[in-house]
Amino acid sequence: MNTIQKKIWLLAIVVLLIMATIWMSLTFYNQKMQDQYNNILERYLVMNELTISSQQMVTSLNNYLLIPTAEDLEQMNSSKEQIQKMKEEVSNFKNAENELALTNYINLIDSLIETVNRSIIFQTESGTENARKALNEATHISDYISEMTLTLIDTELKTYDRFYRGIINQSEDLNQLGIWLLLLITFLLLLYTYWFSLKITRPVEKLTRAASELSKGRFDLKIEVDSKDEIAFLARMFEHMRNNINNLISEIKQKAQLEKELQQSKLLLKESQLISLQSQINPHFLFNTLNTLSKKAYMEGSEETSDLLVSVAGLLRYNLKHLDKSMTLHDEVNVLNQYIDIQKARFTDRLAFYTEIDESCLGIEIPGLTLQPIVENAVIHAVEPNEDGGTIWFRVKDRGDRVTVEVEDNGPGMSADTIRQIMDEEQQHDTMKGHASGIGLSNVVKRLRLFNGCEDVIEIEGNVGSGTKVIIHIFKERRVDQDDKATNR
Amino acid sequence: MRNMITFVIVIICAVLFYFTIDSALDAYRTNWQLPKESEQELTNRLVLITQELDTPFWDKVSAGAREQAEKEGATLEVWGSYENNQENFLKQIEIAIYSKVDGIIIQGLDTGEFKEILKVKAASYGIPIITVANDVPSSESLRKTYVGSNQYLAGELIAKQIVTDMGTTGEVILMLDSRQEFYQNQRLQGIQDYLKDYPNIQLIEAKTEDSREQGIALTKDLLNRYPNVEAFIAVNANFTEDIIEEIERRSKVEPFHLYSFDDSRASLALLKQGKLDGMIEQSPNEMGQKSVNLMMKWLNNDTVPLDLDGYLTDIRMVKALDVQ
């Protein structure tokens with residue numbers, strides 16, 4: 001991981017490297033220049049020394065010729081050696097521009113030594129006159145040497161003029177380089193520092209913003225930090241936390257939704273029960289009365305009336321008992337038949353009812369009092385207003401994973417608006433008009449939806465003038481949890 | 001705006017980088033021009049010594065000598081003194097001898113000291129000497145040979161010209177250096193020998209020291225003493241300027257017949273101005289070349305011995321009319 005610490009180290013090392021490079025090159029350059037200076041100075045010093053030594057030698061020779069002492073001789077010999085040594089050194093100074101002068105110079109020194117030697121030999125062979133002459137000559141040569149030294153140094157100065165200028169120019173260049181380098185490094189460092197601080201502060205800022213959003217309760221904003229350091233780690237953890245919180249909240253919301261739905265179904269049940277209860281005193285009385293009437297009719301030999309009364313009583317009982325329970329399709333169909341019997345007695349020939357039932361499907365469970373309100377609806381809308389009566393088809397079919405129950409009539413049909421109103425469960429459009437159980441279609445739709453735990457439990461097909469067809473889907477495999485909840489309450 | 005800032009930063013970076021690298025290259029490019037190392041040992045070190053450095057005549061001599069030295073693979077140095085400074089001149093010769101050069105080419109000087117140095121020191125160091133332009137007799141200097149003009153012939157040429165220009169009668173003043181150098185005597189000899197046949201031409205020899213004041217003073221004196229003089233010959237060319245200056249101070253130069261030699265600084269300029277009627281032109285370039293050539297021959301033992309009488313170079317008369 002490219003951590004902040006690493007970045008700081010990198011910066012420090014880079015700066016250190018740059019400084020080291022500059023320091024080293026400056027030192028190298030200074031050393032080089034120093035060497036050159038020393039070299040040049042050395043030449044001057046050696047030449048100067050040579051001149052002094054030659055003069056010394058001549059002086060010693062002079063002393064020796066006046067009073068020959070061993071001391072002077074020794075002195076002379078030593079300065080001779082010295083001169084020889086320096087001569088070697090001087091001969092190393094040779095270059096293309098002073099080679100002639102230098103050769104002359106070295107030869108002059110040779111001549112001087114030869115002359116001095118000659119003088120000493122003359123002296124030992126007691127040719128004092130010749131010795132003095134040689135001394136005279138040596139003096140001359142010594143003078144020439146000093147003169148030549150000056151000339152040589154002069155030449156050196158001229159020769160090295162360009163070199164000196166070069167050195168001066170170079171130190172000026174170096175100064176300039178220093179200034180440019182300083183500017184460049186300052187600029188780069190500023191840039192790097194800006195970038196570096198941005199790298200640290202920007203993620204922190206993002207994190208801060210994200211935190212404040214979180215604190216305001218917005219959990220759906222993704223936290224994105226595009227760096228690779230510790231901040232990114234922090235952000236990832238933060239993002240993880242946000243995700244968790246978000247998931248928890250949505251879970252809670254879902255639960256709340258479920259709760260709400262349950263509450264609603266409860267309310268609907270209550271509503272149905274209330275409506276039932278409203279007519280509870282009467283029903284019991286009615287029920288008993290109906291039974292009495294039925295027996296009476298039977299005894300009086302009116303069996304048809306008696307049967308009809310039994311049907312009414314059965315229907316009434318079913319309505320009162322099984323509103324909040326799930327019943328089998330079989331029970332429902334029975335109740336439906338009783339209802340149709342009653343209605344047939346009412347409408348006689350005007351009502352034609354056809355059934356088409358797959359017996360194997362009758363064991364399936366279905367909320368109580370669902371089919372009767374639908375058929376009742378068909379009777380109210382398709383048969384009642386029509387003077388010629390109407391036909392109602394009732395079909396139960398097995399469709400693999402589900403059982404469909406179809407109720408079709410040939411009445412005036414429904415407009416699309418009406419269908420939408422019925423399907424939209426929020427709309428309380430029910431009018432209790434003419435319903436035996438007092439339960440409207442909307443109520444049925446809602447209960448079916450709750451029962452099945454999904455929305456598409458009912459379809460209504462129909463246009464104005466071409467009859468209506470209501471299809472109910474009952475899934476064989478109901479979702480267990482919802483079933484539990486639905487039945488437990 | 002952001003793009004702008006980025007652009008500016010990039011530009012600044014580029015500029016800074018450019019100047020830094022540029023100055024770094026400047027600073028670390030070692031352009032210290034150290035003199036080259038000398039590779040080979042010096043052989044054939046020759047020295048040309050003259051008393052009259054920086055005169056047109058001697059410039060040509062040294063140019064020729066240098067040219068030849070380069071051709072022959074020898075190294076040549078030109079030493080000397082200015083304005084006939086004899087003391088310095090002699091010192092240079094001594095230094096050359098003590099420096100053990102391989103050969104000395106020298107302007108002859110007809111003095112005892114000069115001959116002494118040549119005879120004793122140069123001989124004892126075994127250094128060959130060739131005189132150039134001005135000669136000293138070999139018997140007195142032990143020179144190997146002489147390269148230069150035949151001064152006797154030069155004298156004759158001038159005399160001939162005077163006869164042509166002035167006619168066979170008249171007074172002619174000969175300006176001589178009191179040192180009576182060998183070459184001057186040769187010239188004088190040439191003039192005298194030629195004019196012997198013209199008894200009506202009267203030769204007046206005037207001698208003084210070779211210096212400006214003396215030259216002017218002598219001319220003044222001569223003009224006073226010989227008002228009828230018609231011609232001047234500067235046997236020592238250095239007097240040419242003095243004569244003309246003094247004459248100009250009194251009258252016009254044109255009526256006088258003035259003759260000189262080219263081994264003086266002013267001669268050529270005066271000839272061009274028409275103040276000088278004629279000048280003996282020598283071949284300084286050839287002298288330089290020839291002398292180095294002969295010295296190399298001697299050093300390489302190609303021609304031993306050299307002709308003691310000398311190797312003569314061309315001379316000719318140049319008249320003012322030719323130059324103009």
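Author: Two strands pair if DSSP finds at least two bridges between them, strands being DSSP runs of E with at least two residues and helices runs of H or I with at least four, numbered from the N terminus. The model is predicted, so that local features need pLDDT of at least 70 and side-chain atom pairs pLDDT 80 or more, while totals for chains, interfaces and linings use all residues. Residues are numbered from 1 along each chain as its sequence is written, chains are lettered from A and ligands numbered from 1 in the order in which they are written, and side-chain values use heavy atoms, without hydrogens and water.

Reader: Which strands form the open sheet of chain B, and in what order?

Author: The open sheet of chain B has 6 strands in the order β7-β6-β8-β9-β10-β12, with mixed pairing. Neighbouring strands of this sheet are turned by 20 degrees against each other on average, direction ignored.

Reader: What makes β7 and β12 of chain B edge strands?

Author: β7 (201-208) and β12 (316-319) of chain B each have a single partner strand, so one side of each is left without a neighbour in the sheet.

Reader: How do you know that β8 and β9 of chain B are joined, and which way do they run?

Author: Strand β8 (231-234) and strand β9 (257-261) of chain B share 3 bridges and run parallel, and because pairing asks for at least two bridges, these strands pair. Within them, Ile233(B) stands opposite Tyr259(B).

Reader: Which strands does helix α8 of chain B touch?

Author: Helix α8 (212-225) of chain B packs on the sheet and touches β6, β7 and β8 of chain B, where contact means heavy atoms within 4.5 Å. The direction of α8(B) makes about 145 degrees with that of β7(B), on a scale from 0 to 180 degrees between N-to-C directions of lines fitted to C-alpha atoms, for helices over the stretch in contact.

Reader: Why is the meeting of Lys100(B) and Glu114(A) called a salt bridge?

Author: A salt bridge is a side-chain nitrogen of Lys or Arg within 4 Å of a carboxyl oxygen of Asp or Glu; the side chains of Lys100(B) and Glu114(A) meet at 2.6 Å, N to O, and therefore qualify. The count between chain B and chain A is 2 salt bridges.

Reader: How many residues does each chain bring to the contact?

Author: Chain B gives 38 residues and chain A gives 43.

Reader: Which strands of chain A run antiparallel, and how many bridges join them?

Author: Strand β6 (458-462) and strand β7 (468-475) of chain A run antiparallel with 5 bridges, and Glu459(A) has Ile471(A) in β7(A) as its bridge partner. The hairpin of β6(A) and β7(A) has 5 residues between the strands, and Gly465(A) takes a positive phi near 95 degrees there.
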